[in-house]
Amino acid sequence: MKRRFEVVVSLRPGLLDPQGKAVESALPAMGWTNVSDVRVGKHVVLTVDADSEDAARAQLEEMSRRLLSNPVIEDFRILTSQEVPA
Amino acid sequence: MRRPRVGVVTFPGSLDDRDAVRAVGAMGGEGVSLWHADRDLRDVDAVILPGGFSYGDYLRCGAIARFAPIMEEVVRFAGAGGPVVGICNGFQILCEAGLVPGALIRNRSLRFICRVVDVRVETSLSPLTEGLTAGDVLQIPVKHGEGQFVASAEDLARVEGDGLVVFRYCAPDGTIDDAHNVNGAADAIAGVRNEGGNVVGLMPHPEHAVDPDVGPTGGQPLLASLLSRALAKV
């Protein structure tokens with residue numbers, strides 16, 4: 001059974017996010033002066049072929065811990081899970 | 001006397017591998033080229049993971065290189081006490097592999113930085129600093145976009161408490177201040193070692209600082225230390 005997942009990887013809350021800061025400082029120049037706390041992360045979409053949703057999810061969590069994110073600086077969240085029609 | 005053999009790993013996208021091999025030779029050692037897809041360290045006495053942009057820095061700097069076949073051998077070599085040095089991208093790979101604490105993120109300035117900096121030696125307990133004294137200041141170039149050292153509060157406390165900091169960015173007289181913290185690193189950290197004292201990662205490039213004809217020579221004592229550690233291990 002194939003499932004399509006979306007994972008979001010983001011810099012941990014305590015850490016300074018230089019990319020987010022750069023985006024934040026560009027916004028006022030375009031007239032938006034009411035924006036703060038911008039954080040930039042990564043959006044990963046992938047398909048896992050496994051026996052069950054639980055198995056696919058467990059595998060994805062391990063992959064996210066070991067490769068998609070670096071636990072020293074990042075958190076990850078699985079956003080959506082959708083069965084792919086055969 | 002036998003010349004110490006220092007292996008330098010080439011990953012797809014490594015840039016400073018040839019410079020590292022050459023610098024080892026200039027300092028009296030034998031530079032040995034190693035290939036990322038091999039599982040053979042060719043009987044070397046020390047390993048350098050060089051700078052560059054392995055795998056295009058995709059996902060995170062060092063994140064893919066860390067899983068290269070040769071890294072299993074490097075991890076085994078390090079576990080057995082062998083001296084391992086990661087320079088710049090090599091430092092990022094060591095962090096991703098969990099061989100040294102912390103991680104490296106985008107520079108505080110958001111700019112790529114390429115210039116000679118002053119770094120202060122913090123400990124002689126590392127493969128690069130055995131012949132040096134804490135407080136020594138060396139001139140070495142940096143060239144990186146993602147060299148800002150970070151760690152969780154607990155990890156940083158451990159790094160400082162256990163004396164794992166090997167280098168800090170400093171003023172020419174050795175003073176640590178924010179103005180000379182070139183990339184905004186936590187505690188101005190430019191290099192750290194593991195608990196065992198045989199693995200060290202640093203952002204500055206000692207291999208680019210051995211030839212007086214092309215700039216400062218702050219890399220000489222570091223590579224000399226590595227060569228003597230490599231010989232001691234034999």
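Biologist: How many helices and strands does chain A have?
Modeller: In this predicted model, chain A has 2 helices and 3 strands.

Biologist: And what pattern do they follow along the sequence?
Modeller: Chain A reads β-α-β-α-β.

Biologist: Is chain A compact or spread out?
Modeller: Spread out, more so than a compact globule, because its radius of gyration is 16 Å, well over the 12 Å that the globule rule gives for 86 residues. The C-alpha trace spans about 50 × 30 × 15 Å along its principal axes.

Biologist: What share of its residues count as buried?
Modeller: In chain A, 17% of the 86 residues do.

Biologist: What about contacts across the sequence in chain A?
Modeller: Taking contacts between residues at least 6 apart, 72% join residues at least 24 apart.

Biologist: Switching to chain B. Which residues of helix α2 are buried?
Modeller: Helix α2 of chain B covers residues 69-79, and the buried ones are B:Ile70, B:Met71, B:Val74, B:Phe77 and B:Ala78.

Biologist: Which exposed residues sit on the face turned away?
Modeller: B:Pro69, B:Glu72, B:Arg76 and B:Gly79.

Biologist: And what covers the buried residues of α2(B)?
Modeller: The cover includes strands β1 (5-10), β2 (30-35), β3 (46-49), β4 (84-87) and β11 (199-202) of chain B.

Biologist: Which residue with a positive phi follows α2(B)?
Modeller: B:Gly81, with phi near 95 degrees.

Notes:
Residues are numbered from 1 along each chain as its sequence is written. Chains are lettered from A and ligands numbered from 1 in the order in which they are written. This is a predicted model: local features need pLDDT of at least 70, side-chain atom pairs count only at pLDDT 80 or more; totals for chains, interfaces and linings use all residues. A residue is buried if 20 or more other C-beta atoms lie within 10 Å of its own, exposed if 12 or fewer, and partly exposed in between; C-beta atoms are placed from the backbone. Helices (H or I, at least four residues) and strands (E, at least two) are DSSP runs, numbered from the N terminus. Two residues are in contact if their C-beta atoms, placed from the backbone, lie within 7 Å. The radius of gyration is taken over C-alpha atoms; the globule rule is 2.2 Å times the number of residues to the power 0.38.
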